[in-house]
Amino acid sequence: MDVNQTKQEHLLALKVMRLTKPTLFTNLPVTCEDRDLPGDLFSQLMREDPSTIKGAETFMLGEMLTLPQNFGNIFLGETFSSYISVHNDSSQVVKDILVKADLQTSSQRLNLSASNSTVAELKPECCIDDVIHHEVKEIGTHILVCAVSYTTQFGEKLYFRKFFKFQVLKPLDVKTKFYNAETDEVFLEAQIQNITTAPMFMEKVSLEPSMMYNVTELNTVLSGEHGESTFGMMSYLQPMDTRQYLYCLKPKPEFAEKAGVIKGVTVIGKLDIVWKTNLGEKGRLQTSQLQRMAPGYGDIRLSLERIPDTVNLEEPFDIVCKITNCSERTMDLVLEMCNTQSIHWCGISGRQLGKLSPGGFLSLPLTVFSSVQGLQSVSGLRLTDTFLKRTYEYDDIAQVCVVCPYTSNEH
């Protein structure tokens, strides 16, 4: 939509056109069998049609390109390009011409003009051309404001504006889920849906972690020397299709031992998404900083550093526990090991572990065995802080598969 600021006849004419890449011409092939009434007429017409591909006339895509017939859609993350032309339609020489292009969004006004200097004079039938570019970073209503000021040969200063209103749409729907592992690892699942009407080529989807984490992408499968994408060779996302990406974040070594720091972290990082549409038009989106609810470990945290996946029935096996003081005070800890119906601890219960300073940790090797087959939950540990007489119980620390080594098949 364009609106003239004034109804006065001006010596200069302003034209604004959006620059987009053309699309491939499509046709609707019409065929019939040779024994039908038209005979070979339809096939002959398609062979003579210059828009069809020789030898593949029934293929809908042709060899020609189609120029845009309308303004089209603009999506967040794409680059808006426009051609601005000011033409002198009069028979007079116009002086001191200044052309300005501003983009008004819901939150700011941006100057897109390549140069803000005036042109000394513009002769009849001559023009001033400019091309502007802007990476769209906001959705909603945008207004391109083009203003032209000039001086006539009689010294009269004139000014007019035109407004071009367009909407910026959302191209992708991004949803994230966080999963906290038993260790300090965090798994991020990102669901990306194409909500446009055209397919996209997903060039890159990466996670830029915050300063405390290292990230590992889990979207490739090892195949020989090179990794193969889990989405196959052609990384296309059709309209309304959804794709899931998975990432694993690990605390950096300098932060891994600081229990209090990791406990309070809520910022994980941000997703960087790059895609291409028709004829290679590129778009890019970066999410805001992704945040998660930090897990509450309480004053003291007990986690497993090592445990076997499978153990034999009634045979002792070793595990290594890590005890971390997440509080801001020193603790004096006592460990109690309580047997359950299936899990039995080996060693002395009620032993002193000593003092543990704030943010400190200790690795504790323990021995245990199971009296029941199947998937068993390791439970029954209890820690007591003798300073405050406070007890912390830990059940379902981990799970282990218990098998019977004496079972044999009878023939």
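This briefing describes the overall make-up of one protein model and then some of its side-chain pairings.

The model is predicted, so local features need pLDDT of at least 70 and side-chain atom pairs count only at pLDDT 80 or more, while totals for chains, interfaces and linings use all residues. Residues are numbered from 1 along each chain as its sequence is written, and side-chain values use heavy atoms, with hydrogens and water left out.

**Overall make-up**

- The protein holds three helices and 33 strands, where helices (H or I, at least four residues) and strands (E, at least two) are DSSP runs numbered from the N terminus.
- Of its 411 residues, 37% count as buried; buried means under 20% relative accessible area, exposed means over 50%, and partly exposed lies in between (1.4 Å probe, protein chains only).
- The protein exposes about 23,900 Å², of which carbon and sulfur atoms supply 52%, with accessible areas taken from the Shrake-Rupley method with a 1.4 Å probe, and for residues only the protein chains shown count as cover.
- Among contacts (heavy atoms within 4.5 Å) with a separation of 6 or more, 70% come from residues 24 or more positions apart.

**Aromatic rings and charges over them**

- Rings of Phe, Tyr and Trp (its six-membered ring) pair if their centres lie within 6.5 Å, and planes under 30 degrees apart count as stacked, over 60 as edge-to-face and the rest as tilted; by this rule the count comes to three aromatic pairs.
- One of them joins Phe 201 and Tyr 236 edge-to-face, with 5.6 Å centre to centre and 65° between the planes.
- Because Phe 201 lies in strand β14 (residues 200–209) and Tyr 236 in strand β18 (residues 236–237), this pair ties together parts that are 35 residues apart in sequence.
- Phe 201 is partly exposed at 29% relative accessible area, and Tyr 236 is also partly exposed, at 43%.
- Arg 243 lies over the face of Phe 231, at 4.4 Å from the ring centre, and Lys 322 lies over the face of Phe 361, at 4.7 Å from the ring centre; a charge sits over a ring if NZ of Lys or CZ of Arg is within 6 Å of the ring centre and within 35 degrees of the ring normal.

**Salt bridges**

- The structure holds 12 salt bridges, each being a side-chain nitrogen of Lys or Arg within 4 Å of a carboxyl oxygen of Asp or Glu.
- Asp 102 forms a salt bridge with Arg 109, the closest N and O atoms being 3.3 Å apart; Asp 102 is buried at 11% relative accessibility, whereas Arg 109 is partly exposed at 44%.
- Lys 250 forms a salt bridge with Glu 185, with 3.5 Å between the closest N and O atoms.
- Lys 250 lies in strand β19 (residues 242–251) and Glu 185 in the loop between β12 (172–180) and β13 (186–194), so this pair ties together parts that are 65 residues apart in sequence.
- Arg 329 and Asp 299 meet in a salt bridge of 3.4 Å, N to O, and Asp 299, Arg 329, Asp 385 and Arg 390 are linked in a network of salt bridges.

**A buried loop residue**

- Ser 210 lies in the loop between β14 and β15 (213–217), and at 15% relative accessibility Ser 210 counts as buried.
- Not counting residues up to four places away in sequence, Ser 210 touches Val 267, Ile 268 and Gly 269.
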